[in-house]
Amino acid sequence: MSSQSARRAAEKVSEILRQNGFQALLAGGCVRDLLLEVEPKDYDVATNATPDQVVSLFHRTEKVGAQFGVVLVRIKGCMIEVATFRSDGDYSDGRHPDSIRFVSAEEDARRRDFTINGMFFDPQSGRIIDYVGGQADLRAKLVRAIGEPARRFAEDHLRMLRAVRFAAGLSFEIEPETLDAIRFHAARIRAISVERIQQELARILTSPTRRRGWELLADSGLLAQVLPETAWSAADVADVAERLGYLPPEADFMLATAVALGRFAPQPAGRICRRLRCSNEQERGVVWLIENLPRVLEADRLELADVKFLLADSRFERLGCLLEAECRGRFDTVLPHDTLLSRASRIPPEQVAPPPLVGGEDLQTLHLPAGPIYKQILDAVYRAQLNEELPDREAALRLVHHLLEHTGRMENGKWKMENGKC
Ligand code: ATP
Ligand code: MG
């Protein structure tokens with residue numbers, strides 16, 4: 001669905017609401033993006049029609065946030081969020097209002113988080129309706145809380161991470177009083193569910209502006225709260241920031257997280273991912289990347305088989321990016337990175353992960369009883385194969401015999417390793 005068709009759909013929704021005597025305005029992020037001349041991700045409509053009135057005017061609707069007065073309208077193949085102008089009551093959980101009231105557009109603007117997110121656009125007249133000074137802050141490139149910053153962050157703590165995300169993403173500054181309020185309330189972010197924290201972190205880390213996002217996280221005091229597993233010294237923060245700056249713009253969450261957690265050993269980094277409720281795939285990926293970085297830093301000393309194992313992994317490209325960022329951050333040369341890539345590029349695709357020359361059935365014909373010895377022998381032979389030490393299957397079988405002779409012997413129908421282990 002193109003942004004143009006989403007815009008047309010939102011305008012159609014507004015038109016129908018207007019024809020029925022209601023006010024209807026484009027609201028929030030899409031107005032900000034239109035003024036910045038960037039393509040909005042989605043278009044939200046705000047109206048004085050109540051959710052029931054919205055539902056009665058459109059064929060296909062779904063009440064998504066009934067308690068917040070939000071109705072999804074499906075129109076022209078797009079889903080448009082239609083929210084009734086509202087003001088929020090008290091916040092007792094640090095995230096959601098206990099109640100809401102339906103109010104005027106102006107009051108609705110005042111419950112929004114930042115001035116740049118608090119504007120409306122009237123699609124009929126083409127006018128911006130700005131009750132909160134959003135246009136001035138857009139020009140000044142400032143993320144400023146609407147109203148009293150400390151109160152706004154005390155109400156909904158997630159807004160603190162949103163401030164960092166918007167400031168980094170737009171290359172804006174956080175307005176000083178707003179930043180002070182975040183520093184003051186930063187510890188409260190821990191009251192927010194870890195899933196929502198992870199979601200915001202992911203958006204910060206997957207943006208091409210991730211370096212700035214990381215610096216703002218540290219500067220606002222939020223980093224120490226969302227990643228409390230270590231005391232982040234200024235030097236640690238700067239090291240990570242520099243490396244994040246070397247990642248390609250499109251780097252994904254797994255890669256950026258491996259950089260962010262680069263000062264942790266693999267297992268502790270994995271535990272942090274688990275605490276943040278990252279997916280298993282992401283957790284395993286971060287662990288794999290952190291585990292393999294020291295190995296590829298000495299890419300010239302890797303066995304050919306190891307280069308092939310790494311190359312066969314779907315995360316190899318990320319490992320290359322991680323290595324390049326590390327080299328550029330740590331040394332004056334990207335030699336290990338170039339070495340890894342040139343070694344990898346010399347391997348013909350069919351030799352990266354060729355079918356094994358020998359398998360478990362070959363060991364069975366030797367009457368080797370089941371046990372860990374199978375895997376040990378097969379792994380060793382496959383490694384030799386990848387190292388291109390075995391021209392053919394006969395050579396591979398000879399190696400099996402050789403390994404068996406040197407690792408143990410049959411005793412009472414059981415394989416005994418020379419070292420006494422079974
Ligand atoms: P994005 O482009 O990232 O979607 P957005 O500004 O559209 O940015 P949304 O999270 O989609 O952000 O929210 C839409 C609008 O709702 C915001 O522009 C803002 O006006 C309001 N809003 C969202 N979250 C909050 C919040 N936690 N507190 C107050 N207002 C909020
Ligand atoms: Mg949005």
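# Burial, helices and backbone geometry in a predicted model

Buried residues account for 49% of the 422 residues in the protein. The model discussed here is predicted.

Me: What makes Gln-385 a buried residue?
Reply: The relative accessible area of Gln-385 is 9%. Buried means under 20%, and Gln-385 is therefore placed in that class. Gln-385 belongs to helix H20, residues 372-386. Beyond its neighbours within four places in sequence, Gln-385 is in contact with Pro-354, Pro-355, Pro-356, Leu-357 and Leu-390.

Me: Why is Arg-60 called exposed?
Reply: Arg-60 has a relative accessible area of 54%. The exposed class requires a value over 50%, so Arg-60 qualifies. Arg-60 is situated in the loop between H3 and strand E3 (61-65). Residues up to four places away in sequence aside, Arg-60 touches Leu-72, Val-73 and Arg-74. Arg-60 and Arg-74 are 14 residues apart along the chain, and their C-alpha atoms are separated by 5.4 Å.

Me: Why does Gly-329 count as partly exposed?
Reply: The relative accessibility of Gly-329 is 22%. Buried would mean under 20% and exposed over 50%; Gly-329 therefore counts as partly exposed. Gly-329 is part of helix H17, residues 316-330. Not counting residues up to four places away in sequence, Gly-329 touches Glu-242, Arg-243 and Tyr-246.

Me: How do you know that the buried residues of H14 line one face of the helix?
Reply: Helix H14 (residues 266-275) has Ala-269, Gly-270, Ile-272 and Cys-273 as its buried residues. Viewed down the axis of H14, these buried residues fall within an arc of 155 degrees, so they line one face of the helix. Their cover includes helix H13 (253-260) and helix H15 (280-296). H14 is followed by Arg-277, which has a positive phi near 55 degrees.

Me: How do you know that the span of helix H1 agrees with its number of residues?
Reply: Helix H1 (residues 3-19) has 17 residues, and at 1.5 Å a residue it should span 24 Å. Its end C-alpha atoms are 24 Å apart, so the two values agree. The buried residues of H1 are Ser-3, Ser-5, Ala-6, Ala-9, Ala-10, Val-13, Ser-14, Ile-16 and Leu-17. Among the elements covering them are strand E1 (24-27), strand E2 (44-47), helix H3 (51-57), strand E4 (70-75) and strand E5 (78-84). Just after H1, Gly-21 adopts a positive phi of about 90 degrees.

Me: What makes the phi of Lys-141 worth noting?
Reply: Most residues other than glycine have a negative phi. Lys-141 is a residue other than glycine, yet its phi is positive, near 55 degrees. Lys-141 is located in the loop between helix H5 (134-140) and strand E10 (142-143). With a relative accessible area of 45%, Lys-141 is therefore partly exposed.

Me: Which backbone value is noted for Ser-171, and why is this residue called partly exposed?
Reply: Ser-171 is not a glycine, although its phi is positive at about 55 degrees. Ser-171 sits in the loop between helix H7 (158-170) and strand E11 (173-174). Its relative accessible area is 49%. The exposed class begins over 50%, so Ser-171 is partly exposed.

Me: How does the radius of gyration of the protein stand against that of a compact globule?
Reply: A compact globule of 422 residues would have a radius of gyration near 22 Å, whereas the protein has 29 Å. The C-alpha trace spans about 90 × 50 × 40 Å along its principal axes. The protein is divided into domain 1 (1-134), domain 2 (283-349) and domain 3 (360-421). The centres of domain 1 and domain 2, taken over C-alpha atoms, are separated by 48 Å.

Me: What describes the protein in terms of its elements, contacts and surface?
Reply: The protein contains 21 helices and 13 strands. Of the contacts between residues at least 6 apart in sequence, 65% join residues at least 24 apart. The accessible surface comes to about 20,700 Å², and 49% of it belongs to carbon and sulfur atoms.

Conventions
Residues numbered from 1 in each chain as written. Chains lettered and ligands numbered in written order. Predicted model: local features only at pLDDT ≥ 70, side-chain atom pairs only at ≥ 80, totals over all residues. Heavy atoms only, no water. Helix = DSSP H or I, 4+ residues; strand = E, 2+ residues; numbered from the N terminus. Buried < 20%, exposed > 50% of the residue type's maximum accessible area, 1.4 Å probe, protein only. Contact = heavy atoms within 4.5 Å. Domains from an automatic or database assignment. Arc of directions from axis to C-beta. Rg over C-alpha atoms; globule rule 2.2 N^0.38 Å. Areas by Shrake-Rupley, 256 points an atom, 1.4 Å probe, with all protein chains shown as cover. Expected span 1.5 Å × (residues − 1).
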